[in-house]
There are 2 protein chains.
Amino acid sequence: MKVNGKPCRTIWPHPDDPRIVQIIDQRHLPHRYVIEDLASVADFATAIREMHVRGAGLIGATAGFGIYCAAITAPDDPAGFADWIAEAAARLLKTRPTASNLAWAVSRLRSAMEKEEGVAAKRRRAFAEAQAIADEDADFCRRIGEHGLAVIREISRRKNGRPVNILTHCNAGWLAFVDYGSATAPIYAAHADGIPVHVWVDETRPWLQGAKLTAWELGQEGVPHTLIADNTGGHLMQHGMVDMVIVGTDRTTRCGDVANKIGTYLKALAAHDNQIPFYVALPSSTFDWTICDGIRDIPIEERSGEEVCFIKGKTAGGGEASIGIAPEGCRAANYGFDVTPARLISGLITERGVMRAAEEDILRLYPERG
Amino acid sequence: MKVNGKPCRTIWPHPDDPRIVQIIDQRHLPHRYVIEDLASVADFATAIREMHVRGAGLIGATAGFGIYCAAITAPDDPAGFADWIAEAAARLLKTRPTASNLAWAVSRLRSAMEKEEGVAAKRRRAFAEAQAIADEDADFCRRIGEHGLAVIREISRRKNGRPVNILTHCNAGWLAFVDYGSATAPIYAAHADGIPVHVWVDETRPWLQGAKLTAWELGQEGVPHTLIADNTGGHLMQHGMVDMVIVGTDRTTRCGDVANKIGTYLKALAAHDNQIPFYVALPSSTFDWTICDGIRDIPIEERSGEEVCFIKGKTAGGGEASIGIAPEGCRAANYGFDVTPARLISGLITERGVMRAAEEDILRLYPERG
């Protein structure tokens with residue numbers, strides 16, 4: 001998608017130096033647009049853990065390039081190479097426990113390298129596979145956009161061309177993937193298709209991904225949007241001001257339960273209570289095929305309470321600062337995700353189409369997992 | 001309740017100067033404890049509109065003293081006096097549209113003054129009536145505490161003495177009333193009674209009343225508590241970490257629908273989905289006896305989007321500052337309240353007892369409104 005009018009992805013190999021991978025350091029958005037060079041496994045681990053990059057697809061793509069980085073910085077002898085890769089994989093896997101794309105990408109890179117003979121071939125294969133993950137992620141999101149567009153077009157038809165009001169939570173935009181986004185892909189596709197859309201953007205405390213990232217990227221694309229506190233969606237739905245909800249997911253079970261940014265479950269309840277369609281958009285890399293009951297079996301990341309008690313933003317002078325909003329020494333809890341049960345979800349939008357959030361419907365589109 | 005160990009109310013006549021009423025300017029909490037003098041109707045209107053004071057009961061008490069202030073600053077001739085009072089009443093009524101205590105207190109003061117002959121008698125009566133509203137508010141909240149204590153005691157008994165986890169939204173604490181609070185009164189009563197309680201404090205965006213006020217007052221009283229982002233409650237409820245919810249209300253219909261701080265409805269949905277008791281605590285001054293359907297008939301205040309896009313807090317240097325969290329020029333919507341329908345409410349706790357949120361049960365305790 002576009003930054004200052006120019007097409008851009010969220011992660012890419014440095015055009016002149018194969019040892020470097022570049023990302024947008026998203027911690028500084030929307031106030032500053034900062035490109036960061038990643039050149040060591042430690043750089044990649046920090047970038048994921050400290051949320052320079054975040055979001056299901058982008059965490060996967062970054063982990064893929066992280067293993068590539070491990071491959072090109074590893075010792076040349078085969079035993080040392082293997083140990084180095086194993087250690088890098090363990091290090092990357094520890095950074096964020098909820099995202100299933102992370103383990104998926106690491107495992108995909110390792111399997112691909114195992115198929116090659118010799119360190120040099122493994123290195124070439126690591127680059128190709130990391131790049132393939134990034135390209136597939138972008139392609140899958142583009143296809144999610146096409147399938148979701150049909151859903152939005154149908155709502156627009158029923159509204160006789162009045163704007164379709166779409167609520168989204170957190171950032172499942174292109175900044176959360178390599179390009180297009182998952183939840184935003186149908187919105188961008190509708191906007192490009194001339195369907196009038198308006199997006200209610202949940203600010204998404206504590207990290208404020210909605211206010212800082214989703215509002216920014218919608219603004220860059222010229223999509224009409226309004227920022228709201230996370231508390232607001234229920235009221236809007238009660239008063240007919242929301243036509244549909246689209247969110248992303250960090251891990252989806254084979255039965256259709258969805259782990260997404262904390263607060264998603266509350267919006268799903270409100271949508272259900274007001275008979276408003278609630279869709280979850282995801283590339284299939286987000287499925288965890290090994291589990292069914294998401295509330296029981298998806299590990300939920302706990303982060304520092306500091307992220308609740310202190311908020312980062314832009315000062316009147318234009319700098320970045322962190323301010324305290326709670327009494328000194330106040331204890332805070334910070335769960336990163338919650339699980340929305342399949343019963344509250346109108347449909348899943350994946351690269352293969354739209355389906356009910358139910359095991360048999362999911363397996364109909366993914367028969368190879370049956 | 002206590003500030004730095006000393007008993008305190010939220011509004012009181014200046015001990016040495018009858019022309020001045022004093023309040024805690026709550027905008028500076030929890031970082032600074034600031035007392036403000038109010039000496040003109042303009043001071044009172046600003047204090048209510050700009051949220052130096054807020055909360056159902058305290059808005060009512062402040063409006064009462066505001067009319068008292070109008071009475072002592074009005075011209076001495078009867079016609080001029082009446083015009084002055086009418087103008088002051090209109091000015092105060094415009095400040096916050098959702099709170100029903102505001103209109104109730106203004107009307108109570110005016111009716112009381114009408115019963116007196118002569119400006120001097122009207123002035124004396126205005127003071128007595130404003131003080132009576134404040135005293136009744138404190139007394140009603142104390143009684144809410146007694147009735148709510150029985151509910152908490154029963155949950156504690158079922159938990160065999162393990163801490164009762166209570167989630168609250170916004171600040172319906174003593175800072176929202178004259179003393180004790182509504183939602184917090186049962187918590188303070190339980191704590192004083194030796195029942196172990198722990199409070200999950202919703203931070204309550206955009207104004208952050210939970211983080212800034214509820215966390216502060218619970219800390220001053222030594223009640224164990226944990227601050228959370230508003231998005232968190234659903235996850236906690238899914239995992240058995242919440243035993244009950246208690247919130248306040250700014251306007252309650254005769255059928256039991258409740259307007260409270262935006263986001264309350266989402267917590268009520270989550271409590272309902274997880275079979276967790278959801279109580280609303282209120283002095284009867286909060287009832288609007290003229291309406292039944294709260295979603296249709298309670299006006300919902302819209303405030304400036306600036307309150308969403310900019311957050312006030314304490315800087316590393318100890319000062320107060322406002323930081324921007326959204327892209328420049330981002331549009332934001334800011335609805336102050338939402339309505340929780342009676343069907344989601346386990347019970348109302350008023351100064352007369354605990355009742356179902358249903359017209360016939362409410363009227364059984366308030367037969368004079370039947």
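Reply: In chain A, helix α5 is followed by A:N160, which has a positive phi, near 50°. Keep in mind that this is a predicted model.

Me: What span should helix α5 of chain A have, and how far apart are its end C-alpha atoms?

Reply: Helix α5 of chain A covers residues 119–158, which is 40 residues. At 1.5 Å a residue it should span 58 Å, and the end C-alpha atoms are 59 Å apart, so the two values agree.

Me: Where does α5(A) bend, and by how much?

Reply: The bend is at A:G148 and comes to about 25°.

Me: Are B:E154 and B:R157 buried, partly exposed or exposed?

Reply: B:E154 has a relative accessible area of 32% and is partly exposed. B:R157, at 55%, is exposed.

Me: Which parts of chain B does the salt bridge between B:D243 and B:K159 tie together?

Reply: The side chains of B:D243 and B:K159 meet at 2.7 Å, N to O. B:D243 lies in the loop between α8 (233–238) and β9 (244–247), and B:K159 in the loop between α5 and β6 (164–168), so the bridge ties together parts 84 residues apart in sequence. B:D243 is buried, with a relative accessible area of 15%. B:K159 also counts as buried, at 13%.

Me: Which residues are joined when salt bridges share partners?

Reply: One such network consists of A:R108, A:E116, A:R125, A:E129 and A:E136. Over all chains, the structure holds 64 salt bridges.

Me: How do I read an aromatic pair?

Reply: A pair of aromatic rings is described by the distance of the centres and the angle of the planes. There are twelve aromatic pairs over all chains. One of them, B:W289 with B:Y366, is tilted, with 5.6 Å centre to centre and 50° between the planes. This pair links distant parts of the chain, 77 residues apart: B:W289 is in the loop between β13 (287–288) and α10 (294–297) of chain B, and B:Y366 in the segment after α12 (359–365). Both B:W289 and B:Y366 are buried. In chain A, the residues A:F65, A:Y68 and A:F127 form one aromatic cluster.

Me: Which charged side chains sit over rings?

Reply: A:K261 lies over the face of A:F337, 4.3 Å from the ring centre. In chain B, the charged end of B:R303 sits over the ring of B:W207, at 5.7 Å from its centre.

Me: What rotation superposes chain B on chain A?

Reply: A rotation of 180° does it, with 0.0 Å of shift along the axis and an RMSD of 0.0 Å. The two copies are therefore related as by a two-fold rotation axis. Within chain B, the residue closest to that axis is B:L266, with its C-alpha at 2.9 Å.

Key
Residues are numbered from 1 along each chain as its sequence is written. Chains are lettered from A and ligands numbered from 1 in the order in which they are written. This is a predicted model: local features need pLDDT of at least 70, side-chain atom pairs count only at pLDDT 80 or more; totals for chains, interfaces and linings use all residues. Side-chain values use heavy atoms; hydrogens and water are left out. Rings of Phe, Tyr and Trp (its six-membered ring) pair if their centres lie within 6.5 Å; planes under 30 degrees apart count as stacked, over 60 as edge-to-face and the rest as tilted. Helices (H or I, at least four residues) and strands (E, at least two) are DSSP runs, numbered from the N terminus. Buried means under 20% relative accessible area, exposed over 50%, partly exposed in between (1.4 Å probe, protein chains only). A charge sits over a ring if NZ of Lys or CZ of Arg is within 6 Å of the ring centre and within 35 degrees of the ring normal. A salt bridge is a side-chain nitrogen of Lys or Arg within 4 Å of a carboxyl oxygen of Asp or Glu. The expected span of a helix is 1.5 Å times one less than its number of residues. The bend at a residue is the angle between axes fitted to the seven residues ending there and the seven starting there. Copies are superposed by least squares on the C-alpha atoms of residues with pLDDT of at least 70 in both.
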